[in-house]
Amino acid sequence: MRLAFVFNPFSYKLHEENLRIVQRYFGLFPPLSMAWVAGIAERAGHEVTFIDARTLRLTPDEVVARLKAFRPDMVGFMMTTYMFRETLQWIRHVKENLPRVRVIVGGYNLRVYPEESVMPPEIDYGCFNSAYYTVPGLLEALENNHDLSDVPGLIYKQGTKVIQTEYGPEPHFNDYPNPARHLLPNELYAEFPTERKNFTVMVTSKGCPMNCLFCEARSTPYNPRSIQTVVDEIQECYDVHGVREIDIFDYEFLVDRKRAMGICEEIIRRDLDILWACRARIDSLDEDLLARMKESGCGRVYLGIESGLQEMLDRVNKGITIEQVRRSVDMTKAHGIKTLGFFMTGLPGETRQTVKETLKFATSLGLDYVQFSKTTAKPLTSMWHDMVKESGYDYWKEYILGNAEEAPLPRPWTELSNDEIDRLTKKAYQKFHSRPFFLLKHALAVRSFDEFKRKFLAWLEMQFRQEAVSRPDEHFVAYEENRRKRKKLRKQS
């Protein structure tokens, strides 16, 4: 069968955890989860195309024209909770112009609200867990006119009834094919700290055994890919797609120290000149591991710090100490690895004073980058469960059903209002990034004009274009790294 994937653009939302300017410069990332599904479908013998409408800045009509040229039997979309309504609008436009094409949706939202996600009549099928079994099984069933009830992990409709099949055991992540990066515009991807081109992201493990209350992945089974599989994917990125920088998006790359060390050693053995970054817990780092990470090309480590006060960390089950934070940041910097600290505003018990102290702590660490996120009760987090239980109202469910207006979520765990949290978050960014020595250090460290331009414009917009209180932005577009190359790729494709 012929299967097309469409990754649609999206605007800035009031319920997002990032400020608008942060979201604008956050990055243009490859839609990796959809690329994995494309790889799964290709391995099963089906013909696949991929339209990254967000990165190529395609209009709905331009996407429809490409779909008509490809003549797909099915079109796949990714449904996140935040962007559900926009993606649904794109689906409706596709269906209006290609009424006979079938639509399948997958993504995070289907884990939370499986039935609600497929209620719109334009959606034919939903994949509520991994696509590993579901997509090949569905395509085979449709090809051979078999009963859909035998397809694992599928949601579909029979008349007015929504049917959800059994999924079975979780497949081992190591058995997945590599994402179908050959279908993506790899030259156009970048994130805020990017230093080299081409850039891509990787995921080498699923799940996280930690128990942070604000995280949707807390206490989920750890499911890693092997050392060989991970470095083979890096090798493919390097040899085939010209990738020279990779951001590893695992929730915690260093959960298994032996595996992390093995990946570093294999990169060194193959002599791959790759710059890479990862996310790590403060208490996962040690001298020997950092030395090997640096030798293998690690240039940045993203650290979940969250707050500068111990009592705030304890309230969200972070399981680290302020002293550990200082020690690990100093140790990482001593090995020549740049540090990015993730912080949160609006944590349980947060006040203006605690935000001020967190900012003071962040500046004292000598971090290269920071991210201040507004604490939000995201679906499947402990905070979300508690809010729904106490209020009897599920905003996210009502939002995707079209019954709730877009709005910032309440934060009953803090006395700060949402407007105050917006203002404090903006001020934290401005104060951290406007220190003269910090600005000089970063200006001298940039490695290309593109990097300088990206960082300078982000600073400028945060100073003068970021509103004090968040507002929706229907004309929102992510910062684009290379307009000429994008226009050239659009013509070629």
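Glu-350 sits in the loop between β16 (338–345) and α14 (352–364). The strands and helices I name are DSSP runs, with helices being H or I of at least four residues and strands E of at least two, numbered from the N terminus. This is a predicted model, in which local features need pLDDT of at least 70 and side-chain atom pairs count only at pLDDT 80 or more, while totals for chains, interfaces and linings use all residues. Residues are numbered from 1 along each chain as its sequence is written, and side-chain values use heavy atoms, with hydrogens and water left out.

Back to Glu-350. It is buried and has no salt bridge. Buried means under 20% relative accessible area, exposed means over 50%, and partly exposed is in between, with a 1.4 Å probe and protein chains only. A salt bridge is a side-chain nitrogen of Lys or Arg within 4 Å of a carboxyl oxygen of Asp or Glu. The nearest side chain of opposite charge to Glu-350 is Arg-315, 7.3 Å away. For charge, Lys and Arg count as positive, Asp and Glu as negative, and His and the chain ends are not counted. Leaving aside neighbours within four places in sequence, the contacts of Glu-350 (heavy atoms within 4.5 Å) include Met-312, Thr-414 and Leu-416.

Next, the salt bridges. How many does a search of the whole structure find? The count is 41. In one of them, Asp-473 meets Arg-20 at 3.6 Å, N to O. That pair links distant parts of the chain, 453 residues apart: Asp-473 is in the loop between α19 (449–464) and α20 (483–492), and Arg-20 is in helix α1 (residues 20–25). Asp-473 is buried at 12% relative accessibility, and Arg-20 is buried at 5%.

Another pair is Asp-247 and Arg-279, with the closest N and O atoms 2.6 Å apart. Asp-247 is in strand β13 (residues 245–248) and Arg-279 in strand β14 (residues 275–280), 32 residues apart. Asp-247 has a relative accessible area of 0% and is buried; Arg-279, at 14%, counts as buried.

Asp-283 and Arg-281 form a salt bridge at 3.0 Å, N to O. Here Asp-283 is partly exposed, at 37%, whereas Arg-281 is buried, at 9%. Separately, salt bridges that share partners join Glu-191, Glu-195, Glu-245, Arg-300, Lys-338 and Arg-447 into one network.

Now the backbone. Arg-57 has a positive phi of about 55 degrees, although it is not a glycine. Arg-57 lies in the loop between α3 and α4 (60–70) and is partly exposed, at 29%. Ser-219 also has a positive phi, near 55 degrees, and is in the loop between β11 (205–208) and β12 (220–224). The peptide bond from Lys-197 to Asn-198 is cis, with omega near -5 degrees.

Helix α15 (residues 382–391) has Ser-382, Met-383, Trp-384 and Met-387 buried. The buried residues of α15 pack against α6 (108–112) and α16 (395–400). Just after α15, Gly-392 takes a positive phi of about 75 degrees.

Last, the second largest pocket, with a volume of about 480 Å³. A pocket is an open set of points on a 1 Å grid over the protein atoms alone, where a 1.4 Å probe fits, with protein on both sides within 12 Å along at least five of seven lines; lining residues have an atom within 4 Å of a point. The volume is the space filled by probe spheres set on the points, which are joined across faces, edges and corners. Its lining has 21 residues, and Pro-9, Phe-10, Ser-11, Glu-86 and Glu-474 lie nearest the centre.
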